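Subject: Model handover and findings

Hello,

Here is the structure we talked about handing over. Please open it alongside this note. My findings follow below.

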Amino acid sequence: MEALNAIFIEYGYFGMAMAAFLAGTFVPFSSEAVLAALLAMSSMDPWLTIAWASVGNIAGSMFNYYIGRFGNTRTIAKWLKVKEKRTVKAKEFVERRGSWIAIFTFLPILGTAIAVAMGMLRINIFKVLFFMTVGKVVRYIIVGYTGKLNFYINTVKKRTADFGQIFFDILAF
């Protein structure tokens, strides 16, 4: 996994978009790690990095939407290796809630099920795209901010850890 992350990091913004695309599909992958690494270890613009991550992740979820749109419950269950009963349940869950539930397509596993179910229901693509975009952009802003903040906190801790150790060594003497 680290080697794959290194490849995405090497390609910068495009690598971020590709990592986010994979994470947005049914492929189990964490684009958050790539985003945090890019923001912490490079001079890339944070807002552009978040924008590329959002675009890639939205494209991945739209890929899931189209899988649902062009498939049926039996075929989708077979492709995604889930029980047909689960695909029917996901479809019913989304149908009861409507297009606004696309905000939650950023969630692992559940987000994939939501996007596929929306495609199966042929929910208006513009509504899906709007709500999906809101959810994913807000999520990446939060992840980017907390990832960068966490990096700075850990960096400061490492710098002050030496000073603190010296201070306590002096007191213990």
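Ser-99 sits in the loop that joins α6 (84–97) to α7 (110–121). Helices here are DSSP runs of H or I with at least four residues, strands are runs of E with at least two, and both are numbered from the N terminus. A word on the source: this is a predicted model, in which local features need pLDDT of at least 70, side-chain atom pairs count only at pLDDT 80 or more, and totals for chains, interfaces and linings use all residues. Residues are numbered from 1 along each chain as its sequence is written, and side-chain values use heavy atoms, with hydrogens and water left out.

Is Ser-99 buried or exposed? Ser-99 counts as buried because its relative accessibility is 14%, and buried means under 20% relative accessible area (exposed is over 50%, partly exposed is in between; 1.4 Å probe, protein chains only). What does Ser-99 touch, leaving aside residues up to four places away in sequence? The list is Met-118, Ile-123, Lys-127 and Phe-131. Contact means heavy atoms within 4.5 Å.

Phe-126 belongs to helix α8 (residues 125–172). Phe-126 counts as exposed because its relative accessible area is 65%.

Ile-109 lies in the loop between α6 and α7 too. Its phi is positive, at about 65 degrees, although Ile-109 is not a glycine. Ile-109 is exposed, at 73% relative accessibility.

**α7 and what follows**

α7 has 12 residues. From first C-alpha to last, α7 reaches 16 Å, close to the 16 Å expected at 1.5 Å a residue. That expected span is 1.5 Å times one less than the number of residues.

How many of the 12 residues of α7 are buried? Nine are, and the helix is mostly covered. The buried residues are Gly-111, Thr-112, Ile-114, Ala-115, Val-116, Ala-117, Met-118, Gly-119 and Met-120.

Take Thr-112 in α7. Thr-112 is buried, with a relative accessible area of 15%. Leaving out residues up to four places away in sequence, Thr-112 touches Thr-25, Phe-26, Asn-64 and Leu-107.

Just after α7 comes Arg-122, with a positive phi of about 55 degrees. Arg-122 is not a glycine either. Arg-122 lies in the loop between α7 and α8. At 48% relative accessibility, Arg-122 counts as partly exposed.

**α2 against α4**

Two packed helices are described by the angle between their axes and the distance between the axes. The axes of α2 (residues 12–24) and α4 come within 7 Å and cross at roughly 35 degrees. Axes are lines fitted to C-alpha atoms, for helices over the stretch in contact, and angles run from 0 to 180 degrees between N-to-C directions.

The crossing of α2 and α4 is right-handed.

Which residues meet? From α2 they are Tyr-13, Phe-14, Met-16, Ala-17, Ala-20, Phe-21, Ala-23 and Gly-24. From α4 they are Leu-48, Thr-49, Trp-52, Ala-53, Gly-56, Asn-57, Ala-59, Gly-60, Ser-61, Phe-63 and Asn-64. The residues of this contact divide into 12 nonpolar, seven polar and no charged. Nonpolar covers Ala, Val, Leu, Ile, Met, Phe, Trp, Tyr, Cys and Pro; charged covers Asp, Glu, Lys and Arg; the others, Gly among them, are polar.

α4 itself spans residues 46–70, which is 25 residues. It reaches 36 Å from first C-alpha to last, close to the 36 Å expected at 1.5 Å a residue. At the start of α4, a side-chain oxygen of Asp-45 reaches to within 3.2 Å of the backbone nitrogen of Trp-47.

**Leu-39**

Leu-39 is in helix α3 (residues 31–41). Leu-39 is buried, at 2% relative accessibility. Leu-39 and Ile-50 are 11 residues apart along the chain, with C-alpha atoms separated by 9.3 Å.

**Whole chain**

The protein chain has eight helices and zero strands. Of its 173 residues, 37% count as buried. Among contacts with a separation of 6 or more, 71% come from residues 24 or more positions apart.

Best wishes

Conventions:
A polar contact is a pair of N or O atoms within 3.5 Å; within protein, one must be able to donate a hydrogen and the other to accept it, and residues adjacent in sequence count only if both atoms are side-chain atoms. A crossing is left-handed if the near helix is turned anticlockwise from the far one by less than a right angle, and right-handed if clockwise.
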